[in-house]
Amino acid sequence: MAQRVQSIQEFLQDSFVPLVAALCSEEAERITRKNNLGFCELVKPFCRLTSEVHMRDPNNQLHIIKNLKIAVNNIITQPPQPGAIRKILNDVVTVSQPAEGLLANVITAGDYDLNISES
């Protein structure tokens, strides 16, 4: 059996981290690209706090969290190209269609007939 270096609490804190969405201007991204890093990559070393963090839950109880880690993700503001959108939609429809020859269960609900495939 593999030996775990981290404690269970440390493992859970590293696995389930709060996510922060970053929305940067093109100018900010251009400036950070001078160092061959994006904005989120630039702030990543500062996302693990070594001190204790005091947080209150909705019941106003104080919780002390040690070694809090925060994940920063970039929000993509440019929509995908129309060709890519068509391909994604086509793939979703193709995957969601029942295979030929499978029997579908028909359930009548009021004036509607619902075809539910067995898959």
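Colleague: Is Arg33 buried, exposed or partly exposed?
Modeller: This is a predicted model, and the relative accessible area of Arg33 comes to 45% in it. Because buried means under 20% and exposed means over 50%, Arg33 falls in the class between, which is partly exposed.

Colleague: Which residue does the side chain of Arg33 meet in a salt bridge?
Modeller: A salt bridge needs a side-chain nitrogen of Lys or Arg within 4 Å of a carboxyl oxygen of Asp or Glu, and the N to O distance here is 4.0 Å. The partner of Arg33 in this salt bridge is Glu29.

Colleague: Is Glu29 buried or exposed?
Modeller: The relative accessible area of Glu29 is 16%. Since the cut-off for a buried residue is under 20%, Glu29 is classed as buried.

Colleague: How many salt bridges are there by this rule, and in which helix do Arg30 and Glu27 lie?
Modeller: The count comes to three salt bridges, and one of them joins the side chains of Arg30 and Glu27 at 2.5 Å, N to O. Arg30, at 44% relative accessibility, is partly exposed, and Glu27, at 43%, is partly exposed as well. These two residues are three residues apart, about one turn of the helix, and the helix that holds them both is α2, residues 26-32.

Colleague: What is the N to O distance between the side chains of Lys87 and Asp91?
Modeller: Both residues lie in helix α4 (residues 82-96), where four residues, about one turn of the helix, separate them. Lys87 is exposed, with a relative accessible area of 53%, whereas Asp91 counts as partly exposed at 36%. Their side chains meet in a salt bridge, with an N to O distance of 2.9 Å.

Colleague: How far apart in space are Met55 and Ile65, C-alpha to C-alpha?
Modeller: Met55 is part of strand β2 (residues 52-56), and its relative accessible area of 40% makes it partly exposed. Leaving aside residues up to four places away in sequence, Met55 touches Gln61, Leu62, His63 and Ile65. Although Met55 and Ile65 are ten residues apart in sequence, their C-alpha to C-alpha distance is 7.6 Å.

Definitions and conventions. Residues are numbered from 1 along each chain as its sequence is written. This is a predicted model: local features need pLDDT of at least 70, side-chain atom pairs count only at pLDDT 80 or more; totals for chains, interfaces and linings use all residues. Side-chain values use heavy atoms; hydrogens and water are left out. Buried means under 20% relative accessible area, exposed over 50%, partly exposed in between (1.4 Å probe, protein chains only). Contact means heavy atoms within 4.5 Å.
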